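Student: Please show me how to read a structure like this one, feature by feature. Where do we begin?

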Amino acid sequence: MTETQSAVQAVSDLDQAIDTAMSERDATALESLLADEFIYTHSNGRSQPKPEFVGAIVQRSDPPRRLLSDVHVELHGDIALTRGDLDIRYLDTRPDLFMRYVRVYRQFGSDWRAISHRTVYATDRKPLE
């Protein structure tokens with residue numbers, strides 16, 4: 001595996017790890033996966049810095065499952081960008097959401113950490129089955 005292929009795989013794996021940590025309300029994992037300057041921008045345009053975002057995630061009751069698909073990775077030196085589809089599946093009566101996302105990573109030494117995330121509604125696509 002080339003260095004580029006290895007970096008693409010590492011960043012792609014981090015994408016899923018972040019969404020799994022969100023689904024599991026795992027603050028420890030989120031603290032290690034997100035850079036200190038991380039900003040999460042919700043589909044409604046509201047942005048949260050890392051401490052506020054992680055605090056809100058761990059306080060959720062009945063968090064949804066977050067399923068990623070059609071993930072693409074772009075490498076630009078020490079910056080990486082991921083984009084793809086995000087299905088938010090609730091385990092209660094709330095309707096599921098079908099989104100798209102863009103996440104930006106920066107490389108710190110040999111580690112990649114997310115620095116930014118943006119979610120938007122994707123009304124044109126069908127849910128994963």
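**Reading the model**

Student: Is Phe 38 buried or exposed?

Tutor: Phe 38 counts as buried, because its relative accessibility is 2%. The cut-offs are under 20% relative accessible area for buried, over 50% for exposed and partly exposed in between, using a 1.4 Å probe and protein chains only. This is a predicted model, in which local features need pLDDT of at least 70 and side-chain atom pairs pLDDT 80 or more, while totals for chains, interfaces and linings use all residues. Residues are numbered from 1 along each chain as its sequence is written, and side-chain values use heavy atoms, without hydrogens and water.

Student: How many helices and strands does the protein have?

Tutor: Helices (H or I, at least four residues) and strands (E, at least two) are DSSP runs, numbered from the N terminus. Here there are 3 helices and 6 strands. Their order along the sequence is α-α-β-β-α-β-β-β-β. The C-alpha trace spans about 45 × 30 × 25 Å along its principal axes. The protein has 129 residues, and 38% of them count as buried.

Student: What does Val 11 touch?

Tutor: Contact means heavy atoms within 4.5 Å. Leaving aside residues up to four places away in sequence, Val 11 touches Val 73, Ala 80, Thr 82, Tyr 105 and Trp 112. Val 11 sits in helix α1 (residues 3-23) and, with a relative accessibility of 0%, counts as buried. Between the C-alpha atoms of Val 11 and Ser 32 the separation is 14 Å, and the two are 21 residues apart along the chain. For the protein, take the contacts between residues at least 6 apart in sequence: 51% of these join residues at least 24 apart.

Student: Which residues line the largest pocket, closest to its centre?

Tutor: On a 1 Å grid over the protein atoms alone, a pocket is an open set of points where a 1.4 Å probe fits, with protein on both sides within 12 Å along at least five of seven lines; lining residues have an atom within 4 Å of a point. The volume is the space filled by probe spheres set on the points, which are joined across faces, edges and corners. The largest pocket holds about 320 Å³ of space. It is lined by 19 residues, and the closest to its centre are Tyr 40, His 42, Arg 60, Arg 66 and Tyr 90. Two or more lining residues come from each of α3 (50-59), β5 (97-108) and β6 (111-121). With 3 residues, α3 gives the most to this lining.

Student: What is the phi of Arg 25, and what is the phi of Asp 70?

Tutor: Most residues other than glycine have a negative phi. Arg 25 is not a glycine, yet its phi is positive, about 55 degrees. Arg 25 stands in the loop between α1 and α2 (27-33), and its relative accessible area of 37% makes it partly exposed. Asp 70, not a glycine, has a positive phi of about 50 degrees. Asp 70 is part of strand β3 (residues 65-76).

Student: Where is His 76?

Tutor: His 76 is in strand β3. This residue is partly exposed, at 47% relative accessible area.
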